[in-house]
Amino acid sequence: MADRLAQLLGVLSLGASDRVRSSVDASLGRAGAHSAALVHLDAYPGDSVQALADVLRVSQPAAVKVVNRLGDAGLLERRSGPDRRTRALYLTATGRAAAARVLHDRASQLERVLRVLGDEERERLEPLLEKLVAALAADRPGALTVCRMCDRATCCGAPGGCPLEHTTT
């Protein structure tokens, strides 16, 4: 027999994800991994196409397509990497503004989901969510994937810090 709590979590996760995806895709004018690529590269400038592919969990050719589209839109530029074969990816000023818009739209949609809760309910929910998030990844690559759309300033700047901090040691 299915656990009702798990079912409710699944519905909430999918509903929140659909809202966020719809909002950020409309804001960016592109669907798929583009928004996550912008947010990740804003936090980790200079990553390679392969590193981006790993975070996005897409093939290297798919990551190249995302990079090419973002480059064609003037949102990122390729620079010399640490070796002759690697290109380092950096957002342009327009790309950084687009990443900020994506994070703003994401936060707005998540706030819409949470606004049915009162202050005390939110205070009780936060440590439970921190515990669940902490269990989502056991290592840094997993954490980078889980947090590919994370507003790091908000999360890491909170009193408890990042719930996935254990993956960096």
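A note on the ground rules: residues count from 1 along each chain as its sequence is written. In this predicted model local features need pLDDT of at least 70, side-chain atom pairs count only at pLDDT 80 or more, totals for chains, interfaces and linings use all residues, and side-chain values use heavy atoms, leaving out hydrogens and water.

Next I checked tyrosine 90. Arginine 79 sits over its face, 4.0 Å from the ring centre (the rule: NZ of Lys or CZ of Arg within 6 Å of the centre and within 35 degrees of the ring normal).

Then I turned to helices (DSSP runs of H or I, at least four residues, numbered from the N terminus). How do α1 and α2 cross? The axes of α1 (residues 4–28) and α2 (residues 34–43) come within 9 Å and cross at roughly 80°. Axes are lines fitted to C-alpha atoms over the stretch in contact, with angles from 0 to 180 degrees between N-to-C directions. So α1 and α2 are roughly perpendicular (65 to 115 degrees; under 35 is roughly parallel, over 145 roughly antiparallel, the rest oblique). Arg21, Val24, Asp25 and Leu28 of α1 touch His34, Ser35 and Leu38 of α2, where contact means heavy atoms within 4.5 Å.

Key:
Helices (H or I, at least four residues) and strands (E, at least two) are DSSP runs, numbered from the N terminus.
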